[in-house]
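Biologist: Hi, I have a chain open here and would like to go through it with you. Could you put it on the screen?

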Amino acid sequence: MVNKVFLIGNLGRDPEVRHLEGGNVVAKFPVATNESYRDKSGEWQKITEWHDVVVWRALAERAEKQLQKGSLVYVEGKITHRKWQDRDGNDRWSTEIVANTFRSLDRRESSDRGYAQDFPSTNALAGSPSAVSNEPSGPDTQAVEDDLPF
């Protein structure tokens, strides 16, 4: 059985970080994903889905430092459902993505290579000697930088 979620979307607000009594740190942030399609009349429609993401410990601390509202982010984790009671004692349910990793896909101001530097190059995937480096190379360098590797 597999419970695996991959999201690429934008943060709806800055991560909300809490430091718990036991020393644990938790961060929560919403991620919006978009899907486009043509309706019956041929007009383009866009559907936005919101996902509540939770990260713990060092990942929460990293989210606090690296992520901000509007950031493009890759999130990998699992989907969870939990039941809780509101202030009035009513049962409520939440669906969340508990992330075990995330990566900011925003272009970095200090680098002209953008997010492609965080992913293996085409050469690395082919097992070439330049696989040690994450530097894109060859005539299609621009395509590697602009496209996600999956």
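Biologist: Let me start with a detail. Which side chain does the side chain of histidine 51 make a polar contact with?

Modeller: That partner is threonine 33, and the distance between the two side chains is 2.8 Å. Keep in mind that this is a predicted model.

Biologist: Is histidine 51 buried or exposed?

Modeller: Histidine 51 counts as buried, because its relative accessible area is 19% and the cut-off for buried is under 20%. The residue is found in strand E4, which covers residues 44–56.

Biologist: What else is histidine 51 in contact with, leaving aside its neighbours within four places in sequence?

Modeller: Besides Thr33, histidine 51 is in contact with Leu7, Phe29, Pro30, Val31 and Ile97.

Biologist: Let's zoom out. How many helices and strands are there in the chain?

Modeller: The chain has three helices and six strands. Along the sequence they follow the pattern β-β-β-β-α-β-β-α-α. Of the 150 residues, 31% count as buried.

Biologist: And how confident is the prediction, in terms of mean pLDDT?

Modeller: The mean pLDDT of the chain is 81, with 71% of the residues at 70 or more. Over residues 110–150, though, the pLDDT is below 50, and this stretch has 46 contacts in the model beyond near neighbours in sequence. Where pLDDT is low, the predicted coordinates should not be read in detail.

Biologist: Good to know. Now helix H1: which of its residues are buried?

Modeller: In H1, residues 57–66, the buried ones are Leu59, Ala60 and Ala63. Seen down the helix axis they fall within an arc of 100 degrees, so they line one face of H1. In general, an α-helix has 3.6 residues a turn, so residues three or four places apart point the same way.

Biologist: What does the face of H1 turned away from the buried side carry?

Modeller: That face carries the exposed residues Ala58 and Lys65. As for the buried side, its cover includes strands E2 (16–19), E3 (25–38), E4 and E6 (91–104).

Biologist: On to the largest nonpolar core. Which residues have the most contacts inside it?

Modeller: The core has 19 residues, and those with the most contacts inside it are Phe29, Val53, Val55, Val75 and Phe102. Strands E1 (5–11), E3, E4, E5 (72–85) and E6, together with helix H1, each give two or more residues to this core. The largest share, four residues, comes from E3.

Biologist: What is phenylalanine 102 in contact with?

Modeller: Leaving aside neighbours within four places in sequence, the contacts of phenylalanine 102 include Val55, Leu59, Ala63 and Val75.

Biologist: Last one: what about lysine 28, and how far in space is it from glutamate 96?

Modeller: Their C-alpha atoms are 9.5 Å apart, although the two residues are 68 apart in sequence. Lysine 28 is found in strand E3 and counts as partly exposed at 25% relative accessibility. Glu96 is one of its contacts, and so are Asp14, Glu16 and Val53.

Notes:
Residues are numbered from 1 along each chain as its sequence is written. This is a predicted model: local features need pLDDT of at least 70, side-chain atom pairs count only at pLDDT 80 or more; totals for chains, interfaces and linings use all residues. Side-chain values use heavy atoms; hydrogens and water are left out. Buried means under 20% relative accessible area, exposed over 50%, partly exposed in between (1.4 Å probe, protein chains only). A polar contact is a pair of N or O atoms within 3.5 Å; within protein, one must be able to donate a hydrogen and the other to accept it, and residues adjacent in sequence count only if both atoms are side-chain atoms. Contact means heavy atoms within 4.5 Å. The arc is that of the directions from the helix axis to the C-beta atoms. A nonpolar core is a set of buried Ala, Val, Leu, Ile, Met, Phe, Trp, Tyr and Cys residues joined through side-chain atoms within 4.5 Å. pLDDT is the predictor's confidence in each residue, from 0 to 100.
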